[in-house]
Amino acid sequence: MAVQHDHILILDFGSQVTQLIARRVREHGVYCEIWPFNAAEDDKIKAFNPKGIILSGGPSSVTEDNSPRAPQLVFELGIPVMGICYGQQTMCEQLGGKVESGHHREFGRAFVDIKTDSPLTKGLWETGAKEQVWMSHGDRVTKLPEGFEIIGTSEGAPLAMIANLEKNFYGMQFHPEVTHTPHGSTLIRNFVRNVCGCSGDWTMAQFREESIARIRTQVGDKNVVCGLSGGVDSSVTAILLHEAIGDQLTCIYVDTGLMRSGESEQVVDLFRNHYNIPLIHENAKDLFMAKLAGKSDPEDKRKAIGATFIDVFDKCAKSIGNVDFLAQGTLYPDVIESVSFTGGPSVTIKSHHNVGGLPERMNLKLVEPMRELFKDEVRELGRELGMPEDFIARHPFPGPGLGIRIPGELSEEKLDILRQADMVYLDEIRKAGLYDEIWQAFAVLLPVKTVGVMGDSRSYEYVCALRAVTSTDGMTAEYYPFEHEFLGRVSTRIINEVRGINRVVYDITSKPPGTIEWE
């Protein structure tokens with residue numbers, strides 16, 4: 001916890017977009033944490049000493065028995081509180097108001113008529129204005145608690161925006177954290193900066209300095225080992241650690257043989273030659289292919305890759321000797337999602353390839369310097385550390401690598417074909433200036449062969465699927481709407497340049513219902 005900074009506490013009631021509240025707060029230079037509503041004991045809240053509290057939305061109905069409630073202490077601390085959707089409803093119910101079901105429901109775009117000024121809308125929305133917001137509710141507040149007044153109304157929620165100006169309590173039925181509420185980020189800024197009085201001094205420059213100090217205190221003169229995947233998270237972790245403890249850090253890059261074209265060489269060059277970080281480069285390609293032989297089920301492949309990675313990493317780490325700490329690129333979403341708002345474990349959609357199990361097996365303590373950060377903040381930290389922009393801005397790449405971009409059984413031939421197709425696809429995306437607009441783009445080699453005509457001859461070769469999505473956090477995603485001319489150009493290049501592919505298709509599935517990766 002960044003105790004030296006002003007900070008905001010967000011209590012989560014199970015909304016799908018609670019993380020967006022935290023991202024908006026942090027965009028305005030204010031540190032915040034998300035806690036499940038039922039993990040917020042009074043003593044913990046007092047120790048955290050927040051300058052304000054935000055109550056998230058959620059799927060429950062306040063009108064139901066045993067529905068979630070905020071700790072009553074929240075309203076007794078004398079600090080500002082803002083309730084969003086369900087958060088507004090439980091605040092009103094707990095303070096003597098009334099919430100009812102069965103009225104007009106609002107889902108999607110709506111408009112709020114601003115009835116009076118407030119510190120929350122100052123400099124943004126004036127009295128008499130009609131402002132677009134995003135609603136998602138079936139219940140609504142029908143009676144205000146004592147001391148509250150109406151700030152704004154909508155067609156489906158006469159008490160769409162309310163406030164107790166004396167106590168600095170605010171409630172809104174709409175969701176300011178989503179992009180569909182155009183000025184929602186500014187509303188959140190007004191709350192945390194103006195109403196709560198937070199200074200906005202939480203920056204990546206500050207985080208870098210404080211993290212280095214924390215790492216040095218935690219590690220002392222002991223040695224640390226860090227597994228490099230070639231991705232942004234582990235790379236930023238390694239460079240931050242090296243800045244803090246120098247040669248006490250050794251990085252291990254396990255080359256699985258499942259990386260994209262030229263990727264292993266780029267990782268080794270960056271860390272060994274550019275940053276001069278002690279690096280073990282273990283080429284375990286043959287071992288991984290042997291372990292994957294005959295496996296076609298995606299979960300079997302993931303488990304085989306994960307287990308083999310742990311074996312190889314363990315062997316490399318033991319060759320160093322006298323290692324006390326294992327560094328991981330754990331991010332804040334991993335921490336949040338490890339426990340759901342109901343207190344139970346989150347649902348596993350598919351297993352993840354990481355260093356899980358290593359700390360216990362190797363009797364190592366964990367160093368996780370980025371467990372407070374979101375993905376966009378990690379990239380910002382990478383820039384603060386002077387990392388090359390083309391490395392920081394790279395699209396996410398799964399731990400199992402190309403192993404889950406070839407449905408069915410793997411082979412060296414399929415991997416070579418996919419690497420070439422993927423390289424052509426990304427090359428065309430960069431040439432078109434689209435790379436930074438896209439969250440993730442990649443090719444998939446399907447376990448299907450089709451008949452084609454190449455020259456005057458019949459061909460019977462593989463089908464390549466192209467995938468590109470836009471997203472803010474990877475939790476939901478929309479396919480990227482390439483122009484047909486672009487897709488035609490990519491298809492022509494792949495078929496002409498990559499021996500083994502005679503047909504190209506484009507995946508237009510969103511997440512949900514699909515996942516971003518195919519396996």
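Reader: In this predicted model, in which loop does asparagine 49 lie?

Author: The model is a predicted one, and within it asparagine 49 has a phi near 55°, a positive value in a residue other than glycine. The residue is exposed, because its relative accessible area of 57% lies over the 50% cut-off. As for its place, asparagine 49 lies in the loop between α2 (42-48) and β3.

Reader: Is cysteine 85 buried or exposed?

Author: Cysteine 85 sits in the loop between β4 and α3 (86-94), and its phi is positive, about 55°, although it is not a glycine. Its relative accessible area is 5%, which is under the 20% cut-off, so cysteine 85 counts as buried.

Reader: Which residues does threonine 121 touch, not counting residues up to four places away in sequence?

Author: Threonine 121 is found in the loop between β6 (106-114) and β7 (130-137). With a relative accessibility of 1%, under the 20% cut-off, threonine 121 is therefore buried. Leaving aside residues up to four places away in sequence, threonine 121 touches Thr116, Ile151, Met161, Leu187 and Asn190.

Reader: Against which helices do the buried residues of α12 pack?

Author: Helix α12 covers residues 375-384, and its buried residues are Glu377, Val378, Arg379, Leu381 and Gly382. Those buried residues of α12 pack against α1 (18-27), α5 (204-219), α6 (232-245) and α13 (389-392).

Reader: What is omega for the cis peptide bond that joins proline 512 and proline 513?

Author: Proline 512 is found in the segment after β20 (501-506), where a cis peptide bond joins lysine 511 to proline 512 with omega about -15°. Another cis peptide bond joins proline 512 and proline 513, and for that bond omega is about 10°.

Conventions: Residues are numbered from 1 along each chain as its sequence is written. This is a predicted model: local features need pLDDT of at least 70, side-chain atom pairs count only at pLDDT 80 or more; totals for chains, interfaces and linings use all residues. Side-chain values use heavy atoms; hydrogens and water are left out. Helices (H or I, at least four residues) and strands (E, at least two) are DSSP runs, numbered from the N terminus. Buried means under 20% relative accessible area, exposed over 50%, partly exposed in between (1.4 Å probe, protein chains only). Contact means heavy atoms within 4.5 Å.
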